[in-house]
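Me: Hi! I've got a model open and would like to talk it through with you. Could you start with the term we'll need for what covers what?

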Amino acid sequence: MPAYGDAVALRDVQEHFRQFADAYPELSLYSRLARAVADDDETASLLMDAAPGQRRPVLWLAALHDLVLREPDLPIARWYPSVTGSHERVEGDPWPKVRRTVLDHADELGEVMRTRSTQTNEVNRSVYVAALLSAAAADLSRTPVVLLELGASAGLLLQVDRYRTDIGDTTLGDPDSAVHCRGQLRAPAAVPMTVPRIAGRAGLDRSPVDLADQDRVRWLEACLWPEVEGRVERFRAAVRVAREHPVDVVRGDIVDDLPAVAEQALASAFAGAHLVVLTSWALTYVEPHRRVEVAASLESVAADGVPVTWATAEPPGCVPGIPDEHVRDGGVTSLGLRRWRGGHEASPALVGTAHPHGAWIAPA
């Protein structure tokens with residue numbers, strides 16, 4: 001019988017599965033699995049040894065997806081469009097076979113959950129990244145940008161200008177790109193947007209992904225939700241683009257190593273470049289008391305007059321200083337800017353909200 005503290009922690013984990021299922025009812029497979037795990041101690045307990053901040057349903061689901069991608073002959077693979085290539089509805093309840101598969105592979109799934117973390121790689125987030133870049137450079141439209149992403153993973157969002165991104169009726173980036181991102185614009189009228197010229201790009205991640213490493217690339221794909229049509233195909237196309245245009249993603253802590261990496265990124269670019277630091281669902285994995293250190297580091301970089309912008313796409317209340325108290329829906333992404341010009345910080349701004357995966361964007 002588990003100790004009281006462990007039992008309470010397990011109940012907490014299972015409640016997160018229920019919340020996930022409630023938040024994403026349109027995911028027929030993942031919502032079904034999440035509800036089942038919420039009531040099944042044996043399968044839920046595999047998540048108990050995950051790293052701090054990683055006891056989340058998405059890690060459990062990613063570990064199982066990774067197993068299916070590695071072993072596409074498993075009976076449960078027929079529910080995964082990433083394996084079958086078809087999004088047609090599959091009859092039958094997947095849970096009995098999924099539960100049997102999870103218990104049969106408990107040791108390897110548990111090891112994945114202990115040693116891996118979910119990594120940002122949803123390419124359609126380029127919808128709100130492009131919009132954020134446009135807002136970040138609105139007052140410096142002729143100044144080239146050095147784009148630095150924290151929690152960059154494989155650096156796929158750093159290629160935003162090389163993708164075609166449709167926001168409402170506006171097309172940004174390369175209109176002929178094989179990577180096509182799209183999102184609805186929730187606004188009464190068109191909003192002028194332009195992606196600035198990106199003269200340099202770099203990433204910082206605790207565990208960067210080498211795109212030549214097939215196992216690591218497969219893990220990124222496993223973190224995707226396979227039943228959302230177009231996501232896997234878009235990811236695979238983005239990997240091809242990123243392999244053609246390699247970007248240096250430095251291994252390190254996104255708080256502790258930020259100052260050195262920011263200075264290095266600026267040193268490799270044109271003098272007078274505008275440093276735009278992007279966090280997209282990465283700061284939420286940083287302990288709250290450390291998040292203020294990101295702003296302090298950027299203030300230090302900007303002290304000698306370098307224009308610096310911190311462009312944030314995070315859950316409401318996650319980014320210190322961003323005035324998003326009225327954004328109460330925890331299922332949306334809050335889009336914010338903190339800007340330093342001439343060595344001084346302007347007022348932090350909420351520029352809008354968005355679907356976490358870029359399905360829509362709503363200007364503030």
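Reply: Happy to. Contact here means heavy atoms within 4.5 Å, and buried means under 20% relative accessible area. One thing to keep in mind is that this is a predicted model.

Me: Good. With that in hand, what covers the buried residues of helix 9?

Reply: The cover includes helix 4, helix 5, helix 7 and helix 10 (231-244).

Me: And which residues in helix 9 are buried?

Reply: Arg216, Val217, Arg218, Trp219, Leu220, Glu221 and Ala222. That is seven of the nine residues of helix 9, so the helix is largely enclosed by the rest of the structure.

Me: Nice. What about helix 7, which residues are buried there?

Reply: Helix 7 runs over residues 106-115, and its buried residues are Leu109, Gly110, Val112 and Met113. They cover an arc of only 160° around the axis, which puts them on the same side of helix 7. Asp107 and Thr115, on the other side of helix 7, are exposed.

Me: What covers that buried side of helix 7?

Reply: Helix 4 (57-70), helix 6 (95-104) and helix 9 (214-222) are among the elements that cover the buried residues of helix 7.

Me: Switching to prolines: where does proline 81 sit, and is it buried or exposed?

Reply: Proline 81 is in helix 5, which spans residues 81-84. It is buried, at a relative accessible area of 11%.

Me: What does proline 81 touch?

Reply: Leaving out residues up to four places away in sequence, proline 81 touches Ser86, His87, Pro226 and Glu227. Proline 81 and proline 226 are 145 residues apart in sequence, yet their C-alpha atoms are 5.9 Å apart in space.

Me: Let's zoom out. How many helices and strands does the chain have?

Reply: There are 12 helices and 12 strands. The radius of gyration is 21 Å, close to the 21 Å from the globule rule for 364 residues, so the chain is as compact as a globular protein of that length. Along its principal axes, the C-alpha trace spans about 60 × 50 × 40 Å.

Me: How much of the chain is buried, and what share of the contacts joins residues 24 or more positions apart?

Reply: Buried residues make up 56% of the 364. Of the contacts with a separation of 6 or more, 71% are between residues 24 or more positions apart.

Terms used:
Residues are numbered from 1 along each chain as its sequence is written. This is a predicted model: local features need pLDDT of at least 70, side-chain atom pairs count only at pLDDT 80 or more; totals for chains, interfaces and linings use all residues. Side-chain values use heavy atoms; hydrogens and water are left out. Helices (H or I, at least four residues) and strands (E, at least two) are DSSP runs, numbered from the N terminus. The radius of gyration is taken over C-alpha atoms; the globule rule is 2.2 Å times the number of residues to the power 0.38. Buried means under 20% relative accessible area, exposed over 50%, partly exposed in between (1.4 Å probe, protein chains only). The arc is that of the directions from the helix axis to the C-beta atoms.
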